[in-house]
Amino acid sequence: MTPRSLILSTFCVFSAFLFTASAQTKGDPNKFALIVNGAGGEAVYGKQFEEWTGQLSSVLSSRFGFDTTKLTVLKGATAEDVKRTFTTLKTQLDANNVLYVFLIGHGSYDGKESKFNLVGPDLSASDYNALLSALPTKRVVVFNMSSASGEFMKSLAAKGRIIITATKSGQETNATRFPGFFITALNAQDADTDQDGHTSVLEAFVYANRLTADFYKQAGRLATEHAMFDDNGDGVGHEKLEAGEGLLARATYLDSLSTDEAAASAATGRLLKERTRLEGEIEQLIARKSSMAEAEYETTLERLFIELAKVNRSIKQAGS
């Protein structure tokens, strides 16, 4: 078996560690979410953005276990609203939390920098990077689902961040349909492609991206948006798991349980902590890939995934 196929096979085992979704009965205190509904412009867009914002908020709390007290929704947001919210998050988050940021609305690109349109002055990609960099959490997932959002990837890319944009560049300036299809993905049972009972960030992205492409194809229209993601910090967008890209998104679950909720015993708790340690080592290894020899990188990654597979198997057995 080649290193690549072994890595993929062990990664499939890795996805099996979580318990069934039916076990999730209350919000996960480890997860925080911020939904920013920007300036609608024309009434038809304003209405659509508001609908998407409500639908997204609902599915995150009802299906994916986001605690409603840790889910902030800004409708018709201003720059001051966004900054004030990040100031609050800075006091609430710690290094072990996961923050999800969703931007729904219009975007713009002037040839130099991309912005997300708010009511009044806009905030640029570099502004959001500064806000995110000031937070203590080491894991952030950003969904910029606006037009011209592709340029955000270069500014926001960093270790521990998963960046998803609805477009591949700032030149794709038409209103996007990706947000609606992303919400469809969150509600779809078959978005869980590996059938482990949970939906990863990568699975939701791929599902929504496919629906978006199908929409333009079936309508006989030239696609004006091409969603991308980056999760290894190099700022280069991809559409699928490839070239070391997608591992962090594959390992980040929208409906993951907290350690306290998932641990049925002290032994399981220790296993979960060991899993977290290994995940951290994999994340650090991915970040160092460019500075390592390919053989050394693949050998180390293979070893970590084998260890992780063993731990996940033990967790699964403890929960059965």
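User: Which strands and helices do the buried residues of H3 pack against?

Analyst: They pack against strands S1 (31-37), S2 (71-75), S3 (98-104) and S6 (123-124), and against helix H4 (125-133). Contact here means heavy atoms within 4.5 Å; helices (H or I, at least four residues) and strands (E, at least two) are DSSP runs, numbered from the N terminus. This is a predicted model, where local features need pLDDT of at least 70 and side-chain atom pairs pLDDT 80 or more, while totals for chains, interfaces and linings use all residues. Residues are numbered from 1 along each chain, and side-chain values use heavy atoms, without hydrogens and water.

User: Why is Phe 102 called buried?

Analyst: Buried means under 20% relative accessible area, exposed over 50%, and partly exposed in between (1.4 Å probe, protein chains only). Phe 102 has 0%, so it is buried. Phe 182 also has a relative accessible area of 0%, and is therefore buried.

User: What makes the pair of Phe 102 and Phe 182 tilted?

Analyst: Rings of Phe, Tyr and Trp (its six-membered ring) pair if their centres lie within 6.5 Å; planes under 30 degrees apart are stacked, over 60 edge-to-face, and the rest tilted. This rule gives 13 aromatic pairs. For Phe 102 and Phe 182 the centres are 6.3 Å apart and the planes at 40 degrees, so the pair is tilted. Phe 102 lies in strand S3 and Phe 182 in helix H6 (residues 178-187), so the pair ties together parts 80 residues apart in sequence.

User: How do you know that Lys 31 lies over the face of Phe 66?

Analyst: NZ of Lys or CZ of Arg must be within 6 Å of the ring centre and within 35 degrees of the ring normal. Lys 31 is 4.3 Å from the ring centre of Phe 66 and lies over its face.
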